[in-house]
Amino acid sequence: MNKHQEIIVSPSLLSADFLHLYKDIEMINNSRADWLHIDIMDGVFVPNLSFGFPILEAIKPLIKKPLDVHLMIVEPEKFIKRLADLDIMMMNVHYEVQNHLHRTIGAIHDAGMKAAVTLNPHTPVELLKDILCELDMVLLMSVNPGFGGQKFIRQTLEKVQKLRRMIDEKGLTTLIEVDGGVNEKTGAELVQAGADALVAGSYIFGHRSPEEAINLLKELRR
Ligand code: DX5
Ligand code: ZN
């Protein structure tokens with residue numbers, strides 16, 4: 001990331017008020033948030049379920065921000081076309097569920113979306129060495145995926161630094177996004193370490209002013 005470029009903020013809808021999704025989406029639309037992060041779970045890859053296509057299709061027309069879709073599911077490649085038809089900007093697939101990651105990334109690009117690979121906390125960034133040049137973004141999980149509101153895993157800071165070096169050494173523009181336990185404090189440390197984009201759920205939606213929480217993250221600088 002260019003030193004003067006702003007941090008990308010991607011609020012996670014998982015922590016929104018599901019009885020008033022319209023209101024929370026309007027807040028995001030009118031805020032400085034760059035993207036909207038959508039967490040889809042299957043109860044197999046992660047020990048939880050969230051929401052799927054019926055909800056995504058219903059809310060999509062209301063959303064004015066590009067969608068950053070995080071698939072915590074096995075066989076995400078089955079849904080490439082359906083997500084592309086919904087005009088999703090970024091499709092995140094987990095490294096841990098892929099035998100043919102290169103093929104999946106190619107298929108996501110062919111469908112017209114940006115492609116990101118997500119790593120669980122235990123998965124080393126070095127495993128991406130030979131595919132990094134194909135990726136628009138790497139999403140580093142700083143909690144074990146499946147639930148909002150968990151504690152930030154501090155080892156992630158070292159992973160961000162390592163990945164930053166790998167990207168810069170190759171002269172790539174691949175973005176680094178971090179998801180889990182992000183608030184203004186951990187966010188500041190992540191940005192210092194080299195993150196470009198921050199996902200935040202409970203911090204933003206649990207804040208007395210979600211717009212202000214978004215602004216605080218937007219104002220973080222290296
Ligand atoms: C967790 C999800 C996250 C979640 C983050 O599995 O991938 O996007 O919403 O929530 P917070 O920001 O509360 O840790
Ligand atoms: Zn997520």
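Which residue of S5 does Val93 stand opposite? Val93 stands opposite Val117 in S5. The structure is a predicted model, in which local features need pLDDT of at least 70, side-chain atom pairs count only at pLDDT 80 or more, and totals for chains, interfaces and linings use all residues; side-chain values use heavy atoms, without hydrogens and water. Residues are numbered from 1 along each chain as its sequence is written, while chains are lettered from A and ligands numbered from 1 in the order in which they are written.

**Strand pairing and crossovers**

- Helices (H or I, at least four residues) and strands (E, at least two) are DSSP runs, numbered from the N terminus, and two strands pair if DSSP finds at least two bridges between them.
- Strand S2 (residues 36-41) pairs with S3 (residues 67-72) in the parallel sense over six bridges, and Met41 has Met72 as its bridge partner in S3.
- S3 runs parallel to strand S4 (residues 90-94), to which four bridges join it; here Leu71 stands opposite Val93.
- S4 is joined in turn to S5 by five bridges, again in parallel.
- S5 and strand S6 (residues 137-141) are parallel and share four bridges, with Leu140 in S6 as the bridge partner of Leu119.
- A right-handed β-α-β unit is made by S2, helix H2 (residues 53-59) and S3. The chain then crosses from S3 through helix H3 (residues 80-85) to S4, also in a right-handed β-α-β crossover.
- S4, helix H4 (residues 101-110) and S5 form a right-handed β-α-β unit as well. Right-handed means that, with the strands pointing away from the viewer, the path from the first strand over the helix to the second runs clockwise.

**Burial of the strands**

- Strand S5 (residues 114-119) is mostly covered, five of its six residues being buried.

**Annotated positions**

- An unreviewed UniProt entry places the feature "active site" at Asp39 and Asp179; UniProt positions are given in the numbering used here, feature names are shortened, and annotations may be inferred rather than shown by experiment.
- These positions span 141 residues in sequence, yet no two of their C-alpha atoms are more than 10.6 Å apart, so they gather at one spot.
- Asp39 lies in strand S2 and is buried, with a relative accessible area of 4%.
- Leaving aside neighbours within four places in sequence, Asp39 is in contact (heavy atoms within 4.5 Å) with Ser12, Leu14, Ser50, Phe51, His70, Met72 and Asp179.

**Nonpolar cores**

- A nonpolar core is a set of buried Ala, Val, Leu, Ile, Met, Phe, Trp, Tyr and Cys residues joined through side-chain atoms within 4.5 Å.
- The largest one holds 64 residues, of which Ile38, Leu83, Leu163, Leu190, Leu198 and Ile204 touch the most other members.
- Helix H5 (residues 155-169) supplies the largest share of this core, five residues.
- Another core, of seven residues, lies apart from it and includes Trp35, Met89, Met90 and Ala197.

Note on methods. Buried means under 20% relative accessible area, exposed over 50%, partly exposed in between (1.4 Å probe, protein chains only).
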